[in-house]
Amino acid sequence: MCSHTLPNFDMSNHKWQRLQEFRQAVYQNLGRARDATFELMDAVMLSRKVDSLADLSLCPCFRRKWSSSYEALEDTRPNANKFMKLYMGQIPTESVVVMAGDHTPWPRPEAKSLKERTYEHRGGDPWSRRPVSVGQGYSTLVWVPESEGSWALPVRHERITSWETPLTKAAWQLRQVCKDLPVRPLTLWDSEYGCASFVLKTADVQADKLMRLRSNRCLWGAPPAYGGRGRPRVHGEKFKLNNSTTWATPAQVVEVDDPKLGRIRVQMWHQLHFRQSPKHPMTLFQVERLEHPHRQPLWLAWVGLPTARPSIDVWRNYLRRFCVDHWYRFAKGRLHWTMPKLKTPQQAERWSCLMPAITWQLWLARDGIGDRPLPWQKPVGRLTPGRTAQAIGSVLARLGTPTYLPKTRGKSPGWPKGKGRDSFPTYPLVKKGRGRFRKPSRSP
């Protein structure tokens with residue numbers, strides 16, 4: 001470990017005490033097998049390249065045998081609710097709390113003995129001919145701490161079961177977080193969540209939502225005043241996003257010069273709604289880059305308190321949503337999230353629960369360490385999650401570990417001679433349908 005990365009390492013410093021207290025709280029919330037599981041987390045932070053879960057046992061901080069890495073995921077019981085409250089205690093509430101949600105697949109096409117595999121969308125993969133993979137999906141709700149950069153700190157990161165959809169899982173996670181959050185957050189969502197179904201599922205959640213809309217969406221205006229005859233109208237005039245002849249007069253139009261995006265024109269409309277959710281009005285934004293007229297405009301919908309109306313600049317917060325994609329790439333690449341070939345969904349859930357705890361430790365240590373670029377890397381002023389992981393070794397060496405030394409247990413007698421081995425059963429894919437779930441016949 002290099003000591004020059006921490007020139008003024010003082011344990012009485014508040015930031016190091018905060019990190020050490022956080023690590024101690026993580027250790028206490030791991031439940032059974034906490035020693036092996038905590039050392040496995042430290043091995044993930046210190047290991048850049050691994051090919052299997054057993055490779056993490058070669059890290060000097062993992063003081064147990066290689067088999068303990070598998071036993072840890074079999075025996076540990078991390079409590080997601082306790083971890084969520086631990087993470088939320090680190091979030092400052094003096095300013096606006098910005099959160100973002102999304103989901104991603106964990107591809108497991110070859111794992112026929114893994115339960116509850118489903119068809120998952122795999123977008124953004126240039127090497128795949130098909131945008132659909134076989135595996136399990138995970139939904140994530142993160143706190144975005146900065147207006148710029150790639151930091152995203154997960155508050156909840158859980159598997160989407162075979163009887164759930166990304167919308168229902170995201171709505172449940174948002175409800176769990178907002179119950180314990182003392183302020184009303186602003187949440188950011190991609191176009192998949194920009195629909196009436198998600199608006200209805202989160203209508204009772206104390207959070208403002210800023211959602212991207214697809215350009216082929218149709219919205220409806222407020223109904224006209226009741227004329228006294230027949231049933232009162234529920235919808236007003238149709239508002240088609242891809243047909244400018246159906247647009248009403250915008251409530252506000254602003255043109256600004258952005259240092260990165262160039263000349264921007266923003267139009268805003270009030271009192272629009274989806275056809276299936278007429279009781280939940282929205283504020284619509286259209287963001288256009290005037291210097292690139294051939295690009296499609298960005299459509300955003302804001303849903304919040306009926307008595308509140310957002311400012312014209314609220315659309316800028318949506319640019320912070322892409323930190324979720326950065327974290328997925330960081331977790332799959334540097335934190336080796338999808339590297340293990342685990343046998344059961346429960347083991348995968350326990351392993352996935354460690355990824356947010358590792359990310360939060362890197363965030364708490366970021367301000368106190370210096371950059372340690374590799375020989376082919378350029379120095380950076382603000383450390384990214386990957387650069388922080390490269391320099392975290394000296395911090396862990398000085399902070400120490402709350403785990404205990406392993407105890408000698410003797411030599412295992414091994415597999416009884418002459419006893420046969422049974423193959424693992426295989427499970428069919430679970431096909432999700434609209435409103436119901438279908439399962440194919442069991443494969444031979």
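## Overall build

The chain's secondary structure comes to 9 helices and 14 strands. The model is a predicted one.

Along the principal axes, the C-alpha atoms fill a box of roughly 85 × 65 × 40 Å. The chain has 444 residues, and a compact globule with that count would have a radius of gyration near 22 Å. The chain's value is 25 Å, which agrees.

## Two helices in contact

Helix α8 covers residues 345–366, and helix α9 covers residues 385–399. They pack at an angle of about 80 degrees, with axes 10 Å apart. Angles of 65 to 115 degrees count as roughly perpendicular, so α8 is roughly perpendicular to α9.

On the α8 side, the contact is made by Leu362, Ala365 and Arg366. On the α9 side, it is made by Pro385, Thr388, Ala389 and Ile392. By type, the residues of this contact divide into 5 nonpolar, 1 polar and 1 charged.

## The second largest pocket

The second largest pocket has a volume of about 730 Å³. Its lining holds 21 residues. Nearest the centre of the pocket lie Arg64, Ser68, Pro406, Lys407 and Arg409.

Helices α2 (34–46) and α3 (67–75) each supply at least two residues of this lining. α3 gives the most, with 5 residues. Sorted by type, the lining of the second largest pocket has 10 charged, 6 nonpolar and 5 polar residues.

Notes
Residues are numbered from 1 along each chain as its sequence is written. This is a predicted model: local features need pLDDT of at least 70, side-chain atom pairs count only at pLDDT 80 or more; totals for chains, interfaces and linings use all residues. Side-chain values use heavy atoms; hydrogens and water are left out. On a 1 Å grid over the protein atoms alone, a cavity is a set of points where a 1.4 Å probe fits but cannot get out, and a pocket is an open set with protein on both sides within 12 Å along at least five of seven lines; lining residues have an atom within 4 Å of a point. Grid points are joined across faces, edges and corners, and a volume is the space filled by probe spheres set on the points. Helices (H or I, at least four residues) and strands (E, at least two) are DSSP runs, numbered from the N terminus. Ala, Val, Leu, Ile, Met, Phe, Trp, Tyr, Cys and Pro count as nonpolar, Asp, Glu, Lys and Arg as charged, and the others, Gly among them, as polar. Axes are lines fitted to C-alpha atoms, for helices over the stretch in contact, and angles run from 0 to 180 degrees between N-to-C directions. Angles under 35 degrees count as roughly parallel, over 145 as roughly antiparallel, 65 to 115 as roughly perpendicular and the rest as oblique. Contact means heavy atoms within 4.5 Å. The radius of gyration is taken over C-alpha atoms; the globule rule is 2.2 Å times the number of residues to the power 0.38.
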